[in-house]
Amino acid sequence: MTNNWVDIKNTDLVLIMGGNAAEAHPCGFKWVTEAMQQRKAKLIVVDPRFTRSAAVADTYAPVRVGADIAFLGGVINYLLANNKFHEEYVKAYTDATFLTKEGFNFDNGVFSGYDDAKRTYNRATWGYQLGEDGFVKVDDAMQDARCVFQQMKKHYSRYTPELVEQVAGTPKDAFLKIAQQIGETSAPNKVMTILYALGWTQHTVGSQNIRTMAMIQLLLGNMGRPGGGVNALRGHANVQGITDMCAYSDTLPGYLGAPLDGDVDRAAYLKRLTGKPLRPNQMAFTQNFPKWHTSLMKAWWGDAANKDNDFAFEYLPKKDAAYDILHMFELMHQGKMHGFVCQGFNPLAALPNKKKLSAALAKLKFLVVADPLETETSEFWKNFGPLNDVDPKTIQTEVFRLPTTTFAEESGSFTNSSRVLQWKEKAADAPGEGKADSEIMARIFVKMREMYRKDGGKAPEPIVNLSWPYQVAEAPSPAEILREYSGRALVDLMTLPNPKDPTAKPTVAVPAGQLSSFAQLRDDGTTACGNWLYCGSWSPAGNLTARRDNSDPSGLGVYPNWGYSWPANRRILYNRAAADTKGNHWDATRKYLSWNGKTWSGVDVPDMRPTAAPEENVGPFIMNPEGVARLHAIGMADGPFPEHYEPFETPLGVNPLHPNNPKAVSNPAARVYKGDMETFGKAAEFPYAATTYRLTEHHHFWTKHAHSNAVTQPAPFIEIGDDLAKEKGFKNGQMVKVRSNRGEVRAALVVTKRMKGLKVNGKTVHTVGIPIHWGFKGVTQNGYLANALTPYVGDANSQTPEFKAFLVNIEKA
Amino acid sequence: MQSLDVKARSGSTAPAPGVRTIPEVAKLIDESKCIGCKACQVACMNWNDLRDEVGTNIGVYDNPADLTPSSWTLMRFFEVETEKDKLEWLIRKDGCLHCADPGCLKACPAPGAIVKYSNGIVDFVSENCIGCGYCVTGCPFNVPRISKADNKAYKCSLCSDRVAVGQAPACVKTCPTGAISFGSKEDMSIYAEKRAGELRERGHKGAGVYDPKGVGGTHVMYVLKHADRPELVGLPKDPSVSTMVTLWKGVIKPIATALMGAAAFAGFLHYVMVGPKEVKEDEKEDA
């Protein structure tokens, strides 16, 4: 979340789209009900189904699965065509005035630079025109045809209300009613928040779904303001923490880009990732990248990372390909990956196309599953009849199950959607031989280090030199680990030379010991920090994540002394934008941050250099070298402006926006592996749009092991609208079979008025809903894994699988 | 709760032992804030150590499908078109309403099996229950359920054990969205009217409070979006204690008691006027 859970109460309008907050985030949803009662906020829900969120909403409208960009693009067009955007904000805090390159264009569904064979873009023609001074050229009047504002206007002029209805199936009247309500929050004294989750991410256009919304929030001037923001509701108690620690191949902790094959040495790597201002006076905060990265290397390798060896740069793997989870299973499937350590993860249920996953796991030599429960993955080799129809005799994979603790059986911190780290103590010992994941990893590490020390082997240095300063080597304590993330000065840090007074003697600026802020990090090897974003969470004052002060002096739900919110205990990101260009509050009911003539001050930690006077025009989006937010985003794999593309399994067969370009039906930049294109079904055989989702009674594939949850939602089911049921002659509660081109599931049928066929591009598209949660282990009724149906393809940027839009047929079982 | 709090007892003409006057309590369920998450169902199970059977899906979101001896509260889902083309998904937390004039207590013949405390809670005391099922007939809201395991009646106790020590019922404590409140009946009634007003302002023209007078008012109240049509969420519009129960307790029972008394008196008269019945020697031997 750019804002936080409690802050939802400060809003005037809540939009829930690409998520179902009431269902999936019932606890956080209290802030929606609070806003509705106390601020008289309105709630809009846009979803293919009339959800539990819709049940308490003021306004609901349907949208076809996979057509969110058509809807949101329509909103952008509405805002621009009706002058419902926040002009002062847009001009000062976004790149609307920036000139785009001459070569940039968009033609018949593809952007300039497309390489058809590789399914990727060369992005050279995207981005801004630079002047001779190295700064971006701008047109403050936003009239130049090449300026971002005009380019955006042109791009979205096609997204008329009629087109929205034609592509997304949202009736024009319903769409306009919602667009109008959204448009009203362009007034400086009105703010809207948007809550989304996997309903936007799990698409081949997932990142662009979110970007479209971010653009809307920027046009409305709702970013960085109380009650505003673009708010991702995360799925697990600590999934934000996992993302922050970046247990992925693409990034290092704290969202630092990982080294690539082309980064020949540390200098080349740092140069690639160190920002430099693209406009005068901008903070371009990534200028500090070398400090963050060097401190990380010191945390990992201690004395073994030093000036003489490029701070152990060579110890880091250099990425030659994407190693996202789809790629890993692809390699496994090709027989190129032999071992898999699977910790707190149930991929046989959680990734798409169960048949392929099962075949991939069967090719492994060994599989280690560390989990508190028996998972489908750990039992993948056992036959469970039609639910898991495998022959154990043909599977040679050796499976090790290592029992772990659950969250309540270990101490440590959670980082929630609000970016708040909260410490908790262990409530009970684990049963049997259950061990904390950290202990399991540590024991494996210590053993491996011993083997490398003894036998050498290929590149032993990163292992044998790893800094391992824990009191008990085989069981690092969570407190030790958090202190390491938070970081410390290895020596007394002296004041840096003052150019104005070169003779001044350096004094101790920061004494050796725990640091209180990432501003203290250095790139000379005198500081160590495992994650710059968490720097200061365990400061000289102690463990700030354990704070439980529930006072809220401002009444705006800031709670500054509750836990620790990264970065720098800041509760709303980009909060400089909570004030106008002169540094005054936009609105008297939400006084958050303002310029007092000397410094920025308010109820939160300013996201701005405290002494940057408004007339210096330092932009609020300090992580971007341009200082402003991007409406034209060069960093995206699939285009600087989001465009509607059909899901890879489309019920229409064409992209109504580009009916004559077969290459622009689905996302041209999405990665498709050899053999997977053939597994995609066609509408002729699989006429119904399908989507998977979660139910409030369960948490993924975990709570099916809990009796209480099992009572409240005992068995799998399939949901369809009463119109489709009537057409097919189906009755409520009967067993049905749902087939995709990859597999089938059977379950009881729930017939509902809450799903309706939508008129799309001249035909009626019905939706089949498939809740996940059931499998072949647990105390609920057993059921088919829903991913037997889903296609093996992911978002062009994040590779998040397309679980939300595919094709099926449905028949009597 | 203790016997000194008992204001009314089933199956007994003796005066209730309650001498304490404590404020009447009430639980208020705000339908407009309820998202049907069933956290209250789980809280109820866990506080009361109840675990129902894992059922099946019969084509609805209501799970379990009905109240049972182990499921004392339940979310009921209603898909209704309140106006043309206006679909609403109404969700109501079902369970005992704790009537001020409880039909179950009136119908119950077992002494002390159903008690009403002075705070308004109607509680089942299972060791006194004879499993006759009259409470089921007597309830205008179809709430009590007889257990096949021990042949006794069960229903929501409004967590009388928690309330007795100053805590809110488990469902109230758990509700994530603030849809359930708990307090004195007076405070809850005031808040309920305020919420109903807020909802009418928001456009729910039929919004109002469900606290039916036919049962003397209830200690579980609802703020409904369509209070003018409570049957949309499966609630009777004007509930009252069934005539049979009222007759039994109100008219027939005193007569029956009088008849029983008259019979005893006739026996006594016979004894005084005719003397004890004598048994002959040979009859004794036969016995």
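Modeller: What follows goes from confidence to the contact between the chains, then to domains, helix pairs and a few backbone details. This is a predicted model, in which local features need pLDDT of at least 70 and side-chain atom pairs count only at pLDDT 80 or more, while totals for chains, interfaces and linings use all residues. Residues are numbered from 1 along each chain as its sequence is written, and chains are lettered from A and ligands numbered from 1 in the order in which they are written.

Biologist: What ipTM and pTM does the predictor give the complex?

Modeller: The ipTM is 0.95 and the pTM is 0.95.

Biologist: And what is the mean pLDDT of chain B?

Modeller: Chain B has a mean pLDDT of 91, with 91% of its residues at 70 or more; pLDDT is the predictor's confidence in each residue, from 0 to 100.

Biologist: How many residues does the contact take from chain A and from chain B?

Modeller: Chain A gives 35 residues and chain B gives 30 residues, where two residues are in contact if their C-beta atoms, placed from the backbone, lie within 7 Å. On the side of chain A that touches chain B, the elements giving two or more residues are α2 (30-38), α3 (52-55), α20 (707-712) and β30 (744-752). Helices (H or I, at least four residues) and strands (E, at least two) are DSSP runs, numbered from the N terminus.

Biologist: How do the residues on that side of chain A divide into nonpolar, polar and charged?

Modeller: The side of chain A that touches chain B has 18 nonpolar, 12 polar and five charged residues. Here Ala, Val, Leu, Ile, Met, Phe, Trp, Tyr, Cys and Pro count as nonpolar, Asp, Glu, Lys and Arg as charged, and the others, Gly among them, as polar.

Biologist: Switching to domains, how is chain A divided?

Modeller: Chain A has domain 1 (6-232) and domain 2 (662-812), with bounds that come from an automatic or database domain assignment. Taken over C-alpha atoms, the centres of these two domains of chain A are 27 Å apart, and their contact takes 30 residues from domain 1 and 35 residues from domain 2. The side of domain 1 of chain A that touches domain 2 of chain A divides into 11 nonpolar, 13 polar and six charged residues.

Biologist: And how is chain B divided?

Modeller: Chain B is split into domain 1 (3-241) and domain 2 (248-286), and 45 Å separate the centres of these domains of chain B, taken over C-alpha atoms.

Biologist: Now helices: at what angle do α4 and α8 of chain A pack?

Modeller: Helix α4 (residues 68-81) and helix α8 (residues 172-184) of chain A pack at about 60 degrees, with their axes 10 Å apart; axes are lines fitted to C-alpha atoms, for helices over the stretch in contact, and angles run from 0 to 180 degrees between N-to-C directions. The pair α4(A) and α8(A) is therefore oblique, given that angles under 35 degrees count as roughly parallel, over 145 as roughly antiparallel, 65 to 115 as roughly perpendicular and the rest as oblique.

Biologist: Which residues make that contact between α4(A) and α8(A)?

Modeller: G74(A), V75(A), Y78(A) and L79(A) come from α4(A), and F175(A), A179(A), I182(A) and G183(A) from α8(A). That contact of α4(A) with α8(A) has six nonpolar, two polar and no charged residues.

Biologist: Last topic, where are the cis peptide bonds?

Modeller: One cis peptide bond joins W566(A) and P567(A), with omega about -10 degrees, and P567(A) sits in the loop between β24 (564-565) and β25 (593-595) of chain A. Another joins N63(B) and P64(B), with omega about -10 degrees, and P64(B) is in the loop between α1 (39-47) and β3 (74-83) of chain B.
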